[in-house]
Amino acid sequence: MPIQADHELSGVTVFLDPAGLPVLDLPRFARHRETLVALYSAMVRTRTFDAKAISLQRTGRLGTYASSLGQEAVAVGIASAMSDEDVLLPSFREHGAQLWRGVSLEEMFLFWGGDERGNDFAVARQDFPVCIPVASQFPHAAGVALAMVQKGEPGVAVAVGGDGATSKGDFYEALNMVGIWTLPAVFVIANNQWAISVPRVDQTRARALADKAVAAGIPGEQVDGNDVIAVREAIERALVRARSGKGGTLIECLTYRLGDHTTADDASRYRADEEVSSHWSEEPLVRLRAYLVAHHGWAKKDEEALLHGCRDQIEKAAEAYLATPPQPVRSMFEYLYADPTQDQAAQAGELGDA
Amino acid sequence: MPECTMIEAIRMALSRALKEDPDVIIFGEDVGIDGGVFRATDGLTQRYGASRVRDTPLSETAIAGMAVGAAAHGLRPVAEIQFTGFLYPALDQLANHASRLRNRTRGRLTCPLVLRAPYGGGIKAPEHHSESTEAMLAHIPGLRVVIPSSPARAYGLLLAAIRDPDPVVFFEPKRLYRAIREPVEDDGMALPINKAVLLREGADVTLVAWGAMITEANEAADQLAEMGISADLIDLASLKPLDRGTIRSSVEKTGRCVIVHEAPLTAGLGAEIAADLAEHCMTSLLAPIRRVTGFDTVMPYFRLEAHYMPDAARILKAVHNVMEFA
């Protein structure tokens, strides 16, 4: 039967509604207080990092920074489902995923502070650094997945992009490759409704970005991207599927960009405050906190201890970052090739003793 | 020693690389059962399996992007772009990722990939099949750009490119694919990809060329010899990095230089070579440096392409011009 543009959507998976009330039986992992607290703590840590990064940028001590405010559940949900042998290929708004994978706060500050050493992760050594050119990480993920297949590794490549990324050819070409070669890859779309100033409705007439999986012959689904349980559950299923040799999945996480595109952006130029305010009621931290309070005795003192701990950690990391001297000027020549060329040596000579 | 053509030498190098390193993988459009449109990969999918010599969909962005991802995760992909005219979608991946990954991760992730593409004119091909875009790629920091001009150099340089720890763009002068036969030993010996090759030695003028232009320059040198003018002929082989030392030494000896390339004049690689000689060899120069190149036009459709591509006659004219100067 032909697929119609107005075909039935299969629905958006959600476990916790915005008020923190379960609307479905929770998956097994979400029945443990410890797991839920870890997910909640990771989101709080991400948001605290975000606030500190913006404050450092505003005071001239960090470069242009892309906030993940409101999207913490997507990042944390993805990474919490992944195993060490998987590879994360993030866009520039998955701070929570990188932190969960083991990228350190100091490395994150260093990267956004204009220092390549922030990409030389001490752990998660196979993970890719953030990808600035939109959607170009998806072909990389297909390539990583291909390498995993060739080498007989059990891993899965997990790439993340935004709603805007789904309009790019890179995304389609990579999705198609994943389909054709049955590659162990999971493509995640953090649909935060805005690609800088262009709203989702002007990005595509497709009813759901997940529908784009149809063209590649792989499964696609939508989840509530503000429900960390729903994100993690969907990613886990996709990872199991990929690991069992059944190929890739496209997962669209519905969320909302509560902040500006980056610190160089002023979203009030193109969207109404009322729209943003209305989305604050759906943001991901409130609902999980409400659930923890109602079902796992999460108390005010727990919350305060968590916030205090996050702030303390992040302040220390920021101080360490600010105290880190820049790399030697000559380092710009040192990592381009395995063996620097003669031209580079000659040009580095122009720097004198720097 | 068996004689072979350049296309056979390339196939021999690819086969050797597949045999000696299980991480080598080939993919591209029609490289599988069809063996590539020029037959560079003929028989390889049958010999090494369809998982190591893979047909892709028509997908240049993904071919290049997957090569980046696969290389960063431990493979040594040799990707084929069918013609340089179709390379442009892959440029994004080459310029934004392949060339930068080592640097932006401070060496944590690397990109040992090879991207092969037939380039240049001379085979009466359709539009978009005959361009020479090597300067565009040589301008990108972090890439290597290599161009062979003979079967033996194609074999040795391609092996070197595949074994190199960094991304290499390997342009093949398709006009020479079947034009020359020479003995090539399948001995697994790589040639250096940072060295130019001095193909013939003379005293009066230095000819610098690469790819199919070597054949033209060599013919010009033969004719010059009959007139009592002897030329150094340098095959660049590696365009990035450029072996400036070999060119400078030669020009310091001859005092005259004619650079030949099929690509358009403006901002071509000849400009870099001329500037380098002006900066470093001024006192040795007896005459202005001359460039014999394609024109700043679109590569003409094939009825006129012979008039666009430099030939021995144009090279001779330029050499006479510099000889008359001093």
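This is a predicted model: local features need pLDDT of at least 70, side-chain atom pairs count only at pLDDT 80 or more; totals for chains, interfaces and linings use all residues.
**Ground rules.** Local features need pLDDT of at least 70 and side-chain atom pairs count only at pLDDT 80 or more, while totals for chains, interfaces and linings use all residues. Residues are numbered from 1 along each chain as written, chains are lettered from A, and side-chain values use heavy atoms, without hydrogens or water.

**Helix pair.** I looked up helix 1 (residues 33-58) and helix 4 (residues 105-112) of chain A; their axes come within 12 Å and cross at roughly 35°. Helices here are DSSP runs (H or I, at least four residues), numbered from the N terminus; axes are lines fitted to C-alpha atoms over the stretch in contact, with angles from 0 to 180 degrees between N-to-C directions. I then listed who meets whom: A:Arg45, A:Phe49, A:Lys52, A:Ala53 and A:Leu56 in helix 1 of chain A touch A:Leu105, A:Met108 and A:Phe109 in helix 4 of chain A. Contact means heavy atoms within 4.5 Å.

**Cores.** I found 80 residues in the largest nonpolar core, with A:Phe138 and B:Leu137 among those having the most contacts inside it. A core is a set of buried Ala, Val, Leu, Ile, Met, Phe, Trp, Tyr and Cys residues joined through side-chain atoms within 4.5 Å; buried means under 20% relative accessible area (1.4 Å probe, protein chains only). Helix 3 (residues 60-72) of chain B gives the largest share, nine residues. Beyond four places in sequence, B:Leu137 touches residues including B:Leu87, B:Val145 and B:Phe171.

**Chain contact.** I noted 46 residues from chain A and 46 from chain B. The buried area between them (accessible area lost on being put together, 1.4 Å probe, summed over both) is about 3800 Å², 58% of it from carbon and sulfur atoms.

Note on methods: Helices (H or I, at least four residues) and strands (E, at least two) are DSSP runs, numbered from the N terminus. Buried means under 20% relative accessible area, exposed over 50%, partly exposed in between (1.4 Å probe, protein chains only). Buried area is the accessible area (1.4 Å probe) that two parts lose on being put together, summed over both.
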